[in-house]
Amino acid sequence: MKDEGPEGSARSVPVTSQLAYLVERQRFAEAKRLLGNLLAERPEDPDLLFYGAYIDHFEKRPEQAMETVQKVLSLDPHHESARRLLFGLHNEARRFAEAERVLIDLIKDYPEDADLYAQYSMLMLETQHLEKAQKLAEEAVRLAPDDEQALLASALCAFVADPSPETNHRLQELIRRYPDSMRTLITMIVVLADRRRHKEALLLSQELLRAYPDNEDVVNLVVALKVQNHWSLKPLWPMQRFGWAGSAGLWVVIVGLFAVLPRTPLAPWEGPIFAVVLTYIVYSWVYPPILNRLMRR
Amino acid sequence: MDKIPNDLLEPTLSAESATKPIYSTQAGFLLAFLGGGLAITFFSALNSERLGRLVRDLPVYLLGIGVIAGIMYLRVTQPHLFEISDEDGKTTSYYIVAVRAAGLLLWGSYYWLHSKHYRVMAVTGTPHPSPWLAAGGCYLAGIGIMNFALRAMVAQL
């Protein structure tokens, strides 16, 4: 929703177009000044009020944005942009049932809008209704085979069903069509990290950081992946490569080792070997979080 | 344009039916390791409940409980299966190791059962809830029931 411009509601009033221009380019200080002047003349104009709500939403004042959106919808119940923003506000506040209601009404009014199906698919995905998410994503792709949101929803549903990136044709299509999109890159990083291909995931996340240096989520992602790739964590390779199954396997190996050790010529070394194993276990638990904190500085 | 499939536009969510995020695999792994198979079965059942699929997953959990009960039964009736003697005649019991190994195997199976849901949480960036209370409760219940059942089996045989 944040990426969505408010242009949908811009009507043919020149000053409102100027306002739309400022809001689209996120020049909010100027937009607010202009909006203040316009609202003094037309305090009940739904479009002007919507821009106010949009700015509030963007500047992270969801309560104010919600109040204004509801005012817009009381003046104009069919205001499309306000309804889309209302969905976004409910969704971000995790009021999923309300978000779904708004979205279904929007789809009924705009049945050919692939983005709406894609958003509904993402909502179903987030609320763990995987089958419906898949059907909605397919519907979105059917309506607009090249649409970024539709391809993204479909790629994510395909990833959830089968995490192998090689068989995810929608992800490949998304990468081919929108190689520089932030959402494409984040999806690829998630997929690669899930497959424990941390090196490739780090390279991509660094690309992403170059494009979005102020995005805190991207910074956190890069730090987490840098930690995974740090040379001092190489001894933890079994856990990094195989995850918790690696930890379980390692435990079985250690138990087996200490079961047979007394019957081998290494028996006198049981104490030092135990100390080494214990040090390794403590290091595997304590060191990665410390490194994570150090890298964040 | 083709007609939109009706079922797609039927509301799915309500305040009551909303699913909740599930506990992390890390919490499950530690609980399986420390508390064994019964504790991780209870813990995973809580995850199923949070996902609204407890009834669907119940046969798997009953099978898991059966595995643990089988290990306990063998411990009582065939204790030598869990014992290794060294050259000096010293015997070491590996019953706890077997319980832990079974716990980890069950944890892996339960993870597989919910793997799609874990992937959804990864792609949507949904945080896992704090596991302390649930894991602590499952640990106490798992260990307590296993000890009680073991004593009951010994008393019966």
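Among the contacts in chain A between residues at least 6 apart in sequence, 41% join residues at least 24 apart. Please keep in mind as you read on that this is a predicted model.

Turning to the make-up of chain A, you will find 15 helices and zero strands. Of the 297 residues in chain A, 37% are buried.

The domain assignment places two domains in chain A, listed here.

| Domain of chain A | Residues |
|---|---|
| Domain 1 | 1-93 |
| Domain 2 | 235-296 |

Taken over C-alpha atoms, the centres of domain 1 of chain A and domain 2 of chain A are 57 Å apart.

Now to the place where the chains meet. Chain A gives 36 residues to the contact, and chain B gives 28 residues. On the side of chain B that touches chain A, at least two residues come from each of α1 (25-51), α3 (95-113) and α4 (115-124) of chain B. Which helix supplies the largest share of that side? The answer is α4(B), with seven residues. By type, the residues on this side of chain B comprise 17 nonpolar, eight polar and three charged.

Key:
Residues are numbered from 1 along each chain as its sequence is written. Chains are lettered from A and ligands numbered from 1 in the order in which they are written. This is a predicted model: local features need pLDDT of at least 70, side-chain atom pairs count only at pLDDT 80 or more; totals for chains, interfaces and linings use all residues. Two residues are in contact if their C-beta atoms, placed from the backbone, lie within 7 Å. Helices (H or I, at least four residues) and strands (E, at least two) are DSSP runs, numbered from the N terminus. Ala, Val, Leu, Ile, Met, Phe, Trp, Tyr, Cys and Pro count as nonpolar, Asp, Glu, Lys and Arg as charged, and the others, Gly among them, as polar. Domain bounds come from an automatic or database domain assignment. A residue is buried if 20 or more other C-beta atoms lie within 10 Å of its own, exposed if 12 or fewer, and partly exposed in between; C-beta atoms are placed from the backbone.
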